[in-house]
Amino acid sequence: MLVFFPAPHVFHCEPTNMAACSVEELLAKAEQEEAEKLKSISVQKELDLEFDVGNLLACDKNRIETRDLREKKRNDFLRALARDNTQLLINEIWKLPTERVEEVIVAKLPEQTTRLPREKPPPKPKPPTKWEQFAKLKGIQKKKKTNLVWDETAKEWRRRWGYKRANDDTKDWLIEVPETADPNEDQFAKRNKAKKERVAKNELNRLRNIARAHKVKTPGEGLLPKAQQSKDELAKAVSVAKTSTASVGRFQDRLPKEKPPKNSGKKRKFEPLIGDFNSEKQKQLELLKIMGSKTPKLDITKAVNTQMREEDREEAAARRRKGAGGKGRKGNTAGRGKGKGPKGKGGKAGGGGGKRRGKPGKH
Amino acid sequence: MTQLDGIVKPKTKRSKRFLESRAPKLIEDVKNTMIMKGGNTSQIVTTALKDIYSLKKPNAVLYKKKNITRPFEDSTSLEFFSKKSDCSLFLFGSHNKKRPNNFIFGRMFDFHVLDMFELGIEKFISLSQIKTSKFPEGTKPMLIFAGEIFDTDNDYKRLKSLLIDFFRGPTVPAVRLAGLEHVLHFTTLEGKIYMRSYRCLLKKSGCRTPRIELEEIGPSFDFVMRRTHLASDDLYKLAHRQPKALKPKKKKNISHDVFGTSFGRVHMQKQDLSKLRTRKMKGLRKRKGEVVDEDQEPKVAKVES
């Protein structure tokens, strides 16, 4: 392998040593050959190009003479410029580490340096589900389970869950009636019903996790159907259903022995205009006494704390608003886009209704 | 799929996979392009659109029907299309008397228009007019931008970023050295942008790096910049925000000095130096039951003698 010398050395040729002179000649020749070889791939530029090899990108900032771009010579000039720039980019790419992948030489590309905008905003991390929170609290690790389980009755490997699973409860062809059970009860139906209830419960929990993740409101306690509902929950469900009419339950009939709902009165009570004079007098005198006394009605520390909290909240809101001012454009357009959806539907319904209304008008 | 407040809950595995492919991800896949025609198009515009579609296959969709919209006035129709087809780059070609042979290059962020550039085609040579052998579609092209205007003028900076986004292919960790065939060269001068596409021939040179010869193939465009619609700086910055998980984790307590030696830092608790055991001295070892009183011992010895 020939060695490339960076600069020409000046050898002092001793007249007595003929071998030294020939070595000098050889070295000079080798140098010349190397320079010639490199000439084919070297390109002279005023300013170096900026490379982003991760993207196979090169930027040339050199000045382009206007006269080179005249009509006739344009394509040739552009082609020559492109050739030079491509040569430099290829030189850069060839400097990268290579490896052999299935009889093909492949160069490993570095990280991209140009920052380009994303397509969609980065995903928000999902809040953990109820079980995940509990597992984190208790320190329960996920155990890797096998896909197949040995089924003793069928004497083969079956799935742990899914179609044709192992040890399927509902697929038993013979169920012994336990001694404590009612002889007329259908045991098969009982097992099927239990399974359906488990599935429904699982689905409910899954939807609740999703609702919690998306911060969607769900109906409160007792208003969702459950297997066993307590008396209070049933009463609450009844009262909510009763008041969910257009006239807020004022004209709903009541069952013969149904009691009126408690805790449904006014939340604030006012004294009648002409009531107990004595108590009214007492109240007014007390009020005057408090106003006349020197003790401050205002608890200073409490007031200061509330004020500081208010200020903190305002600061946080202002900071959020400043960040949202940049996000505001996006937020605005997002709102606009979302707003168009239901509006569009409403518009269509209105248009359809209008059309229908028009026709009888003609007659 | 049932919809509730815009949240779609998939009922089948297939629909779940589809939704997951469209959901925002940490590391995004290649951006898709939609290529569409405006109310009126000329022969040049249709051929040009077809050529760019063939350059960008398979990450592009070419719509055949004409869409009577004006992107610069009302971009809702474009946004709707991009949402339906999950494309974040678009190319809209149209032709009218005021703006002949018009191309609008644009990109979206979160299915809302981020940047739009209107470029007019002054001269166009199509793929079919240049009779040379072509390379397979899907090759990742090398992009070269020439002209200092691409770095000085703000409009041109954004245009450069959009063109990079548009024409670079999928992000790959490694590239086959023999497969570097396609070169796209953009030159700017005096408000005009020249786009040329070449095929790269790697010739033998004396050393390892080959010598390049270029052969013109592919469409060649002479663009002139018309209108632009740039995103505000805040939106642009927001679009560039990367999730924290992608940032490389810093290793704490490790530092390097000038010579390349790496130093580590070990944090220890406070030690009680009086209880520090150094060397074993049998004589000083405390024996059971005996009280070592150094002052008393010599006194005792004196008395005895």
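Helix 2 of chain B, residues 43-56, contains 14 residues and spans 20 Å from its first C-alpha to its last, close to the expected 20 Å at 1.5 Å a residue. Here helices (H or I, at least four residues) and strands (E, at least two) are DSSP runs, numbered from the N terminus, and the expected span of a helix is 1.5 Å times one less than its number of residues. The structure is a predicted model, in which local features need pLDDT of at least 70 and side-chain atom pairs count only at pLDDT 80 or more, whereas totals for chains, interfaces and linings use all residues. Residues are numbered from 1 along each chain as its sequence is written, chains are lettered from A and ligands numbered from 1 in the order in which they are written, and side-chain values use heavy atoms, with hydrogens and water left out.

The buried residues of helix 2 of chain B are B:V45, B:A48, B:L49, B:D51, B:I52 and B:K56. Buried denotes under 20% relative accessible area, exposed over 50%, and partly exposed in between (1.4 Å probe, protein chains only). Seen down the axis of helix 2 of chain B, the buried residues fall within an arc of 165°, so they line one face of the helix; the arc is that of the directions from the helix axis to the C-beta atoms. An α-helix has 3.6 residues a turn, so residues three or four places apart point the same way. The face of helix 2 of chain B turned away from its buried side carries the exposed residues B:Q43 and B:K50.

Helix 6 of chain A, residues 277-292, has 16 residues and reaches 23 Å between its first and last C-alpha, close to the 22 Å expected at 1.5 Å a residue. The number of buried residues among the 16 of helix 6 of chain A is 0, so this helix lies largely in the open.

Chain B as a whole has 7 helices and 15 strands. Of its 305 residues, 42% are buried. Among contacts in chain B with a separation of 6 or more, 67% are between residues 24 or more positions apart, a contact being heavy atoms within 4.5 Å.

The contact between the chains takes 61 residues from chain A and 77 residues from chain B. The area buried between chain A and chain B is about 6,600 Å², of which 62% comes from carbon and sulfur atoms; buried area is the accessible area (1.4 Å probe) that two parts lose on being put together, summed over both. In chain A, A:W94, A:R118 and A:E119 lose the most area to chain B, together 14% of what that side buries.

Between chain A and chain B there are 4 salt bridges, each defined by a side-chain nitrogen of Lys or Arg within 4 Å of a carboxyl oxygen of Asp or Glu. A salt bridge joins the side chains of A:R118 and B:E28 (3.5 Å, N to O). Helix 2 of chain A gives the most to the side of chain A that touches chain B, with 15 residues.

Helix 2 of chain A is also the place of A:T86, which is buried at 0% relative accessibility. Leaving out residues up to four places away in sequence, A:T86 touches B:M142, B:I144, B:V183, B:C200, B:I212 and B:L214. On the side of chain B, B:Y198 is found in strand 11, residues 192-203, and is buried, with a relative accessible area of 0%. Beyond its neighbours within four places in sequence, B:Y198 is in contact with residues including A:L78, A:R79, A:A82, B:V183 and B:L214.

Over all chains, the salt-bridge count comes to 34. In chain A, the side chains of A:R191 and A:D172 form one such pair (3.0 Å, N to O). This pair links distant parts of the chain, with A:R191 in helix 4 and A:D172 in the loop between strand 6 and helix 4 of chain A, 19 residues apart. A:I175 lies in the loop between strand 6 (156-159) and helix 4 of chain A, is buried at 14% relative accessibility, and touches A:Q187, A:F188 and A:R191, residues up to four places away in sequence not being counted.

In chain B, a salt bridge connects the side chains of B:R22 and B:D86 (3.9 Å, N to O). B:R22 lies in helix 1 (residues 13-22) and B:D86 in the loop between helix 3 (76-85) and strand 5 (89-94) of chain B, so the pair ties together parts that are 64 residues apart in sequence. A network of salt bridges links B:K31, B:R107, B:D115, B:R158, B:D165, B:R168 and B:D233.
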